[in-house]
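User: Can you walk me through some contacts in this model? Start with the rings, then the helices.

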Amino acid sequence: MSLNRHLSKGRTLARTAGDHAADMFAPITLIGRGLRRHADWAKGRWQATPKDRRGPTLFLCAAVALGVFLLPHGPLFALVALMASSAWVGRAPKAPPAAPEPDVAEVKLTALYAALTPYLAAPDDLSPLYGNENGFRTAFESWEFDPEGRLTELHLAYPAYFTDTEPGARARIEQVVQGKAGRAREYRFEWDEESNRLRVSALAPLATDICAQRFVTAPGEIVLGFTDEAGSRRMIPVNQAGVSAQQPPVIWRTGPRSAEPHLLALGATGHGTSTLIRSIALQALPFADLVLIDGAGTGEHACLVNRPGVHTVETSLHGTLAALEWAAQETARRLTALNAARHAGATAPEDVTRPLWILLDHPTELSELAHAEGRPDPQDLLETPLRHGRAARVTVVIADDIEARDRITPTLRATTRARVVLGPTTPEEGHAALGAPLDIVPAAHAPAGRGYARIGNSAPVRLQVPATVDPLDDEAPAQLRDAVIALLPHRDTRTEAPAPSVPAAEAVRRGEEQPAAEADRRPAEAGAERPVELGKEHAPVRPRPVW
């Protein structure tokens, strides 16, 4: 007898034995299934019973069990009843398995395909790519979903007659895709017009836990914020939430060799334009002088008042006009001095080569006030610094509300080739603010300081401004305020010593001077880090006028 016949006969005997065993143990299996269901029912009732009623319930069950045990043949009858009940309950077949959950890709991509069909199908198309019986698989080439079931990447084809060169047509498709994929994230749309292909990629959120600090940059470089790895070819070390990390920055290069010497930042109210001004001011202070105009008059830049290197911080129209007139005259003086030094072959004076920064926060509000009073527009006084600032080492930074873009003068818009837009914006607003269409659809909700930047003719990139809060704002986190205070320069009137003791305070009120030895000894006490006082002393030093 061959080996195959032995194996076949063995399989037949094993199958027959298994069938007989199943028939023999069927009653036991039935009763066991019923007992398991009884146990599950009892466990559920016990868990549903309130804790204050579990004691009496347990006592009642024990009493019933004792009564059954004392009855003649009670345990036998109870066992027979339990077996009969278990056989009756166990006769029901097993619960059918739950229906499998529908495929996330199948559901979401079908909905997206149906939503795109009205925009990408034509009634006279004999072989339509959208709207046929084959479904989305004919148009969608590849796709990816994350573990949470959200679309992360999609490659799709569209018909050749779709007007992919028109911004309006593109915007409709991008809006539909974002609506079906989720408005809580940003998406990058890469249109391949030659091959009629579109690639959609969901972008990871940018880091929002980077606070103000000294960044590793070359002289004249300003870190506007941080972006993703696709938007920058450079990495710098930063302190991120107390841990050292590498992040890709958005660098703005200033100075006489910069092709974009001035910056215009537009944004929605409360989304970080003033924060960006403070961040730029803190980075420029070590190597430049500042003139700051707070057109909104909110006092968010009061921490820079009377600081070394800060000529003035103006909030009134009169002070703004005086400061900008001085800035225009200073620009002309610097140009004259630089030209004279070049003709003479001599080194330019230090007061001419030190950069001067003019920072304006919401200047259009002052422009409206000037028009109402019949006075010169502050924006018109910026024409000389804007046109000749690069040669004179003068940099102008303007931040304003995006709704006030039409009230900004044409000269200012033409000379500010470094652009930033912050906050939620529509594709039309982003195009108008940056001067180029965005290939990224913004999320429905953006954190403060979140936006996009475009330096010169480069493509727009995502931007997250470092958290640079007002240190005088008591509602801001203490850690963020301390980070800004550590970057502020201090005059002699700004002390880093702890608050004075009671006798010292009384001596200050009496106008007496503390002994020099005691004053010299106080900073040398305890090696712990001493807090910084932002308040002025009793007799502050008046800043020198700049005009």
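Predicted model: local features only at pLDDT ≥ 70, side-chain atom pairs only at ≥ 80, totals over all residues.

User: How many aromatic pairs does the structure hold?

Analyst: Nine. Rings of Phe, Tyr and Trp (its six-membered ring) pair if their centres lie within 6.5 Å; planes under 30 degrees apart count as stacked, over 60 as edge-to-face and the rest as tilted.

User: Tyrosine 113 and tyrosine 130: stacked or edge-to-face?

Analyst: Stacked, because the planes are at 20 degrees, with the ring centres 5.2 Å apart. Tyrosine 113 is in helix α5 (residues 104–120) and tyrosine 130 is in the loop between α5 and β1 (140–145), so the pair ties together parts 17 residues apart in sequence. Helices (H or I, at least four residues) and strands (E, at least two) are DSSP runs, numbered from the N terminus.

User: Are those two buried or exposed?

Analyst: Both tyrosine 113 and tyrosine 130 are buried. Buried means under 20% relative accessible area, exposed over 50%, partly exposed in between (1.4 Å probe, protein chains only).

User: Which residues make up the cluster they are in?

Analyst: Ring pairs link Tyr113, Tyr130, Phe136, Phe140 and Trp143.

User: OK, helices. How do the axes of α5 and α6 cross?

Analyst: The axes of α5 and helix α6 (residues 167–181) come within 10 Å and cross at roughly 165 degrees. Axes are lines fitted to C-alpha atoms, for helices over the stretch in contact, and angles run from 0 to 180 degrees between N-to-C directions. The two helices are therefore roughly antiparallel (angles under 35 degrees count as roughly parallel, over 145 as roughly antiparallel, 65 to 115 as roughly perpendicular and the rest as oblique).

User: Which residues meet there?

Analyst: From α5, Ala111, Leu112, Ala115, Leu116, Tyr119 and Leu120; from α6, Arg172, Ile173, Val176, Val177 and Lys180. Contact means heavy atoms within 4.5 Å.

User: New topic. Where is threonine 395 found?

Analyst: In strand β13 (residues 394–401). Threonine 395 counts as buried because its relative accessibility is 6%.

User: What does threonine 395 touch?

Analyst: Not counting residues up to four places away in sequence, threonine 395 touches Trp252, Thr254, Pro261, His262, Leu356, Trp357 and Ile358.

Notes. Residues numbered from 1 in each chain as written. Heavy atoms only, no water.
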